[in-house]
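Please read this briefing alongside the structure, which is shown just below. The points that follow are grouped by topic for a reader meeting the structure for the first time.

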Amino acid sequence: MKNKKNEYGELGILSRKIRLSVLDMIHRTKSPHIGSSLSAVDILVALYFEIMNIDPKGQCGKNKDRFILSKGHACAALYAVMAERGIIDADTINGFARNGGALEQHPNKHHCEGIEVSTGSLGHGLSIGAGMALSGKVDRKAYKVYVLLSDGEMNEGSVWEAVMFAAHQGLDNLIALVDANKIQAMGCTKDIIGLDPISEKWRSFGWHVQDIDGHDFREIINAFKNIMPGKPNAIILNTSKGKGVSFMENNVLWHYRSPDEVEYRDARKELAK
Amino acid sequence: MRSAFFGEIEKIYKRRNDIFVLTADLGYKLFDAIKNASPERFCNIGVAEQNMVGVAAGLALSGKNVYCYTIIPFLVMRAYEQIRVDVDYHNLDVKLVGAGAGFSYGFEGITHLGLEDLGMMRALQNTSVVVPADPLEAACAAKASVNYKGPLYIRLGQTGAPSVHEGPPAFDIGKAMVIKEGKGLAIFCNGSMVYASKLAADMLSKKGISPTIVNMHTLKPLDTDTIGSIAETHGNIFTVEEHNVNGGLGSAIAEVLLEKGYKGRFKRIGIPPKLGYEVGNADHLRQAYGLTPESIFKKISESF
């Protein structure tokens, strides 16, 4: 993937392609959550193309890494990445949010190979990931468990139950990724339930924490290189909701709205640049 | 009852290394032997029921056979969404073991009573629901649970619950147990109310009424065949349960009877849907809310 000139250029190219595919899926089906999907694209590309040890079918298998999209509403990005990675095919993608189709607007384990956990209700994924990580520890397996949460999701008390548990158990095979796009369903996180300082919260609960630019592949890949053994790791990804489309960025409207024809054309133009 | 259940689990836990036992910080001394046998597979998760059920799902998704324990309202009500999505929807081998059925923890008050759990648990898609009547059945349920596929909710009654059986009964999940064969009148009951119904039946027999008693230890899947054949030969059917009279055993039997076109007399006996503010232990509350053998006897004999 890497070359000297532009170290992570290929990941950037993939990300643009994925964002276009997210835009197409959401526009075609008039689905919500394009903003939440676009903020998560870069971390998903890094995970599926650089970081995770997965087989080509995307099935976790006994020694493969596991991924849980705890912010399940961003699944359009996950599906697009899985399709690009060859885990799901074009037919499956075409069955997104379609009557009788293959994929819902939240990940469903029963619908699709490569989805390991059905999610959609916030605050579940980290506990499930902790259970998988505990199993891996007891069985002395080498796999890692990656869980992608949203910052708004941290409003859920159950997240903190899992945060305490993972630290107490020393689950250093568990990596929490927080897509901190600063916007939740009804507005800015800072206006609804103040989360700051996010990193210090996780750190004080016993996690090793890195706070990075969630759209900069150099920082993302470095963060994975700097995972600390002995305790669970959290990477706080500072992102923009709607990343890549100027008029969607940092605007809560795009938690809900799907682009009309004009917006779709404009967004495509920006993403194709 | 919980000692009988986890006594059996302890034996199996020592033999099989796929079994995990989790508690949300309840069961003082209950798990000492399990913990000592293999501390890696036992975990006191802390006072965090939602996390316990989520962790159980993660373990089960990794091939483990998991038991979760705490008292009923904290397990079922607090963690219901985790049960519904993480365990039930994924159809995982997780056993949810709740203690304190009905009024068991009487003096502890409303927060500790198990009043609505059966209605909630039987509404799920994949979860089976078992309500042992006494410690011997709890031990049978423990044995049967280990190789049971999919989620299982086991509702345990009070510590020191009296024994219905003299020796280990023939116990199959999903198969109703006829405790006593009678005539004309059948009582379907579960949990603590099996023993109470037996005593009520003794009183009824003095009035020349000989009820059939059916122990419905499995609420789901419900043994509709047995219900159907009892309905054909009995013109009077009563249900008795230590649960909100709405949503539990009585409701489940009523659904079956109505759909089978039952023409006889039918009455549910259970905890009233709205409680007063009575203070008392389990026996006192059963008396206050009409679940003693005497009040069961009275309600049934008044119907004749």
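Across the interface of chain B and chain A, two salt bridges are found, and in this predicted model one of the salt bridges links A:Asp139 with B:Lys64, whose closest N and O atoms lie 2.6 Å apart. The same interface also holds ten residue pairs in polar contact, with both residues of each pair at pLDDT 80 or more.

**The side of chain B that touches chain A**

- Helix H3 (49-61) and helix H5 (80-89) of chain B each supply at least two residues of the side that touches chain A, and H3(B), with nine residues, provides the largest share of that side.
- By residue type, the side of chain B that touches chain A divides into ten nonpolar, seven polar and six charged residues.

**Extent of the interface**

- In total, 23 residues of chain B are in contact with 26 residues of chain A.
- Together the two chains bury about 2000 Å² between them, and 56% of this area is on carbon and sulfur atoms.
- Within chain B, the residues that lose the most area to chain A are B:Asn51, B:Tyr89 and B:His90, which together account for 25% of what that side buries.

**The sheet of chain B**

- Chain B contains an open sheet of seven strands, arranged in the order E2-E1-E3-E4-E6-E5-E10 with mixed pairing.
- Strand E2 (42-44) and strand E10 (218-220) of chain B stand at the edges and have a single partner strand each, so one side of each is left without a neighbour in the sheet.
- From one strand to the next, the twist averages 20°.
- Strand E1 (residues 19-23) of chain B runs parallel to E2(B) and is joined to it by three bridges; B:Val21 has B:Phe42 as its bridge partner in E2(B).
- Helix H7 (residues 135-146) of chain B packs on this sheet, where it touches E1, E3, E4, E5 and E6 of chain B, and its direction makes about 145° with that of E3(B).

**Backbone features in the loops**

- Most residues other than glycine have a negative phi, and most peptide bonds are trans.
- The peptide bond from A:Asp196 to A:Pro197 is cis, with omega near -5°, and A:Pro197 lies in the loop between helix H7 (189-192) and helix H8 (198-204) of chain A.
- In chain B, the peptide bond from B:Lys220 to B:Pro221 is cis, with omega near 0°, and B:Pro221 is placed in the loop between E10 and helix H9 (224-233) of chain B.
- A:Lys182, although not a glycine, has a positive phi of about 70°, and this residue lies in the loop between strand E3 (174-180) and strand E4 (183-184) of chain A.

Definitions and conventions. Residues are numbered from 1 along each chain as its sequence is written. Chains are lettered from A and ligands numbered from 1 in the order in which they are written. This is a predicted model: local features need pLDDT of at least 70, side-chain atom pairs count only at pLDDT 80 or more; totals for chains, interfaces and linings use all residues. Side-chain values use heavy atoms; hydrogens and water are left out. Contact means heavy atoms within 4.5 Å. Buried area is the accessible area (1.4 Å probe) that two parts lose on being put together, summed over both. A salt bridge is a side-chain nitrogen of Lys or Arg within 4 Å of a carboxyl oxygen of Asp or Glu. A polar contact is a pair of N or O atoms within 3.5 Å; within protein, one must be able to donate a hydrogen and the other to accept it, and residues adjacent in sequence count only if both atoms are side-chain atoms. Helices (H or I, at least four residues) and strands (E, at least two) are DSSP runs, numbered from the N terminus. Ala, Val, Leu, Ile, Met, Phe, Trp, Tyr, Cys and Pro count as nonpolar, Asp, Glu, Lys and Arg as charged, and the others, Gly among them, as polar. Two strands pair if DSSP finds at least two bridges between them. Axes are lines fitted to C-alpha atoms, for helices over the stretch in contact, and angles run from 0 to 180 degrees between N-to-C directions.
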